[in-house]
Amino acid sequence: MADETETGEGAEHAAGAAHEAGAAATDGHVAETLGEVNLEHAEVGMPQLDFGVFPNLIFWLIISIVILFMVLNRVALPRIRSVLSERNDAISNDLEQAALLKRRSEEAEASYNAALARARDEAHRIAADTKAQINKDLASLMAKADAEIAAKSAESEARIREIRDSAARSVEEVARATTADIVAAFLPGAADAEAVDQAIARRLKG
Amino acid sequence: MAGEAEHGGSGFNIHPMDQFKVTPLFGGDSVHWYTPTNATLWMLLTVLAITLVMVVGARGRALIPSRAQSAAEVIYGFTRRMVEDVAGKEGMKYFPYILTVFLFILFANLLALLPTSFAPTSHIAVTGVLAVAVFVTVTAIGFVKHGAGFLKLFWVTSAPTVALRIVLAMIELISYFVRPLSHSVRLGGNMMAGHAVLKVFAGFAGALGLGAIFPIVAIVAVYGLELMVACIQAYVFAILTCVYLNDALHPGH
C-alpha cells in the first residue's frame, strides 16, 4: 500500500520537479541537485542570505542584547555576587568560630589535665605524710610499750627477789628459833644465842 | 499516513529551510527593520528565559541556595572562572559583557530546539553582529591599552629571521581579520545545519508510513546531538571571545 503510494508520488513528483525546474531556473536554482525534495519556496534559497531581513534581525538583536545586559548587570550580577560573598563570609566566620572553640576546648583539656596531675601529686603527698605519721606514732607507741614492759618485768623481778629473800629470812629465823628451842630442851641453861646463830649461818651457807 | 505526504501537493513535502524564514508576527508581507517578527519573539523569549533563571531563580538570596538559585550561581561561577582562566584578572572587567553574550547564545540555541520555534543564532546576520561586535571591541581595547604596542601581536619575535617575521606577520594579520568570519559562521552554520537535518528527517517520517520509525529514531539521536551542539557552540563562542580578549590585554607571544 505504502509502496504503491510512493511510486505514485514519484511519478507525480517527477512532473512537479520538472515544473519547478522551469520556475526555479530563472532564479538560478537547480532543482535536480536537490533530488526528491520539492522546494516550493526555492526562490528564497537560504533565508539566512535574504539581505532584506538583515536590518530587522540586527535591530531586534541589539534591542535584546541591550535589555539582557541591563538585566544581568543591574539586577542579576549584583544579587548573585552579594549572595556569594555573604555565603563566603558566613563560611569563613563559621570556620573561625570553630577554630576558636577548638582552641578553647584544647585549653580546657590542658587545664583539666594540669589540675588532675596536681590533685594526683597532692594525693601522693598526703598518703606519704599519713604513712610517715603513722609510722612515727607506731614507733613511739612501741617504744613506750617496750619501756612499760621492761619496767613491769623489772618490778616483778624485784618482788620475786624480795619474796625469795623474805622466805629465806623466815627459814633462817624458824631454824634459829627451832634450834634454840631444841638446844634449850636438850641442854637447859646452855643456851648461847650467838653460837646458834653462827652454826645456822654455817649450815645455810653450806 | 501516506495521505499526509500527498496532502502537501507533490512528492516529499520537505522544506528544511522554511524554519529559518523571518516572517512578520502580526500579519503583513513586508519585513521592515522595526517590524516585530518571529525572530523578535524568540530573541525576547531568550531574554525572558535568562531573566527567569538569573533573576527570578536567584530571588531567594538564601544562604543555603534553592535549586534555581544554585543553577544561577553555577552559571555565574562557571562563566566567571572561564573568563578568569582564559583572559586573566584584567579580563574580569569585561565579565558582564561576556556573560551576556554567552547566555544569549546558549539560551537562544536551547530554545531553538523547541518544536516550531525559531533559531535566531542560525542567522548569519545575528551571529555576524555578535562576532563583529566582539572583534571591534577587542581591537579597540587592544589599541587603547597598548597603543601601537598592540601590533606586537602580529610580530612573532620568537621567529629567527626578520624575513620570516614579515611572512608570519602577514599570516597573523590575515588570521586576525578572518576571526569575526570564522567566529560567526561556526555558530550560525552549526545551528542551521542541525536544524535543517532535523527537519529533513521529520519530512521522511511523514512520508514513510510504518517505516517512519527509523527517521524518528534518527531524529531522537540528532536531537540529543543538537542539545550538545547548542551548549558547545555557545561555550566555544564565549571562550573564543575570552581568547581574543586575552590577546588584546596581553599582546605579544
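Author: pLDDT is the predictor's confidence in each residue, from 0 to 100. This is a predicted model, in which local features need pLDDT of at least 70 and side-chain atom pairs count only at pLDDT 80 or more, while totals for chains, interfaces and linings use all residues. Residues are numbered from 1 along each chain as its sequence is written, with chains lettered from A and ligands numbered from 1 in the order in which they are written.

Start with confidence. The model scores ipTM 0.88 and pTM 0.68. Chain B has a mean pLDDT of 88, with 94% of its residues at 70 or more. Among the elements of chain B, helix 4 of chain B has the highest mean pLDDT, 95. Helix 1 of chain B (residues 2-7) has the lowest, 39. Helices here are DSSP runs of H or I, at least four residues, and strands are runs of E, at least two, numbered from the N terminus. Over residues 1-10 of chain B, pLDDT stays under 50. Where pLDDT is low, the predicted coordinates should not be read in detail.

Now the packing. Helix 3 of chain B and helix 4 of chain B have axes that come within 10 Å and cross at roughly 125°. Axes are lines fitted to C-alpha atoms over the stretch in contact, with angles from 0 to 180 degrees between N-to-C directions. This pair is therefore oblique; under 35 degrees counts as roughly parallel, over 145 as roughly antiparallel, 65 to 115 as roughly perpendicular and the rest as oblique. B:T79, B:R80 and B:V83 of helix 3 of chain B meet B:F95, B:I98, B:L99 and B:F102 of helix 4 of chain B. Contact means C-beta atoms, placed from the backbone, within 7 Å.

Helix 5 of chain B and helix 7 of chain B pack at about 20°, axes 8 Å apart. They are therefore roughly parallel. Residues making the contact include B:V134 and B:V138 of helix 5 of chain B, and B:T241 and B:Y244 of helix 7 of chain B.

Finally, the core. The largest nonpolar core has 64 residues. Such a core is a set of buried Ala, Val, Leu, Ile, Met, Phe, Trp, Tyr and Cys residues joined through C-beta atoms within 7 Å. Buried means 20 or more other C-beta atoms within 10 Å; exposed means 12 or fewer, and partly exposed lies in between. A:L57, B:F102, B:F104, B:I105 and B:A238 touch the most other members. Helix 2 of chain A (54-186) is one of the elements giving two or more residues. Leaving aside residues up to four places away in sequence, B:I105 touches B:T121, B:L187, B:A234 and B:F237.

Methods
Contact = placed C-beta atoms within 7 Å.
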